[in-house]
Amino acid sequence: MASTSLLCLGLGFLILFHACFAQKAQGTDATREQRQQQQRFQTQCHIQDLNALEPQQRVESEAGVTEFWDQNDEQLQCANVAVFRHRIQQRGLVVPSYTNTPALFYVVQGRGIHGAVFPGCPETYQESQQRSSESQSRSQDQHQKVRQIREGDLVALPTGSANWVYNDGPSELVVVALVDVGNSDNQLDQFLRKFYLGGNPQPQLQGYSQSQGSRYQGSQGGEGGDRSRRGGNLFRGFDERLLAEAFNVNPDLISKLQRPQMQKGIIVRVQEELRVLSPQRGREQEQEQEQEQEFQGSGDNGIEETICTMELKHNINDPSGADAYNPRGGRVATVNRFNLPILRYIQLSAEKGNLYQNAMMAPHWNLNAHSVVYITRGNGRMQIVAENGENVFDGQIREGQLIVVPQGFAVVKRAGNRGLEWISFKTNDVAMTSQLAGRASVLRGLPLDVIQNSFQVSRDEAQRLKYNRQELTVFTPGPRSQ
């Protein structure tokens with residue numbers, strides 16, 4: 001009898017131990033997920049009217065132009081983001097830099113090479129000894145992975161990762177970037193700050209804010225005020241001798257590092273073709289497709305893919321990757337944490353839309369994210385409605401303009417005679433929308449009697465509201481749009 005009691009007691013302790021261990025494991029997973037989805041900086045969104053925005057600041061460099069949208073605009077402050085655009089000429093190199101927040105950039109046109117450096121990751125691109133011995137004129141090189149980029153590519157940039165872009169194509173390379181200053185990774189103020197490792201950047205390119213003015217003025221006297229107006233790369237502020245010792249080089253070389261002689265800005269022209277180690281462009285695209293198929297088949301278990309090997313880009317403009325397609329209306333594609341896992345860590349996602357002439361995207365609202373919409377081609381009409389039913393925007397939009405759709409605000413887009421294409425950056429790694437019309441609309445989920453009594457319409461009218469539009473997300477142009 002005693003042995004039976006001891007056995008029961010032992011089994012009870014064993015069950016209790018397993019239950020506690022499982023609960024602890026679940027708690028650890030929940031805590032980890034909670035840390036990854038920390039709260040963004042909260043801002044007040046007192047939106048009365050929205051406008052289609054143009055860049056407000058233009059900074060020229062030797063081989064290109066950088067354009068900034070005004071971060072003090074109430075739309076961008078509401079979404080807590082900054083947006084800029086690089087126009088890079090042929091053989092133009094955007095010198096390495098990093099930011100204090102994560103970012104996404106989209107290749108609007110052209111092609112090029114992108115590199116990102118992650119601390120502690122190996123230089124996996126290495127020049128062979130045999131090839132080096134064949135060319136004694138230059139030393140052997142090795143560096144971290146570089147990526148070929150082309151029109152339609154969406155590229156993720158984790159916080160603090162140094163990155164650069166080079167235009168190796170025959171035409172201008174245009175990229176538009178969103179910097180998520182409201183992200184929990186940002187431990188500074190809520191303004192964009194760019195830290196350049198090379199070049200001779202102008203002051204406007206580093207921590208710009210029109211209303212903020214000179215950050216250091218007043219607290220550091222005359223010299224500090226002068227320093228706030230001067231530009232320079234990150235190495236400029238260090239003592240020359242200390243850097244020479246750190247790099248184990250001659251101080252004369254450090255002087256060139258700190259103070260480039262030419263005022264070339266941040267986009268410099270490469271005199272000869274930039275030499276980097278990279279697979280051939282066609283083969284690299286084949287490898288990307290193979291990796292994407294393997295990922296979709298196996299799923300993400302957190303072991304095979306580390307930050308050193310994680311994919312940073314996804315071509316969101318590929319028609320075969322569309323999530324919604326109407327042969328007479330257009331297509332819409334999304335990129336989120338499920339098809340580009342690094343977005344889980346930077347807590348951003350994107351949507352690419354392509355509407356044909358006079359087609360419409362279903363009116364909808366964003367459940368859990370702000371949407372920063374940049375028009376990449378064409379023109380059209382857009383309406384945005386706030387929580388009180390007020391129309392805060394009703395106007396024409398065209399290529400190169402930007403507009404913010406705050407979380408919860410309802411929006412509808414209709415293409416013009418030239419069609420309409422856009423890229424939407426969203427402040428959530430699994431951004432979701434809910435439609436007001438169409439086969440997937442909120443009305444489809446409501447009982448007819450609820451629709452009838454909510455809008456005080458007849459049952460026949462409620463049925464037409466619920467079922468007349470059979471298309472899903474992209475609507476074919478109707479007779480009213482002709």
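**A sheet and a cavity**

In this predicted model, strand E5 (residues 103-109) and strand E12 (residues 173-179) run antiparallel and are joined by 6 bridges. One of these links can be picked out by eye: Tyr 106 has Val 176 in E12 as its bridge partner.

Stepping back, E5 and E12 belong to an open sheet of 7 strands, which follow the order E1-E2-E3-E12-E5-E10-E15 with antiparallel pairing. The edges of the sheet are taken by strand E1 (57-61) and strand E15 (313-315); each has a single partner strand, so one side of each is left without a neighbour in the sheet. From one strand to the next, the twist averages 20 degrees.

What surrounds the largest cavity? Its lining is made up of 23 residues, and those nearest its centre are Phe 84, Phe 105, Leu 157, Asn 163 and Lys 194. Two or more lining residues come from each of strand E3 (82-88), strand E4 (92-99), E5, strand E11 (162-166) and E12. The largest share, 4 residues, is given by E4. Sorted by class, the lining of the largest cavity holds 14 nonpolar, 8 polar and 1 charged residues.

Conventions
Residues numbered from 1 in each chain as written. Predicted model: local features only at pLDDT ≥ 70, side-chain atom pairs only at ≥ 80, totals over all residues. Heavy atoms only, no water. Pairing = 2+ DSSP bridges. Axes fitted to C-alpha atoms, helices over the stretch in contact; angles between N-to-C directions. 1 Å grid on protein atoms, 1.4 Å probe; cavity = no way out; pocket = protein on both sides within 12 Å on 5 of 7 lines; lining within 4 Å. Nonpolar A, V, L, I, M, F, W, Y, C, P; charged D, E, K, R; others polar.
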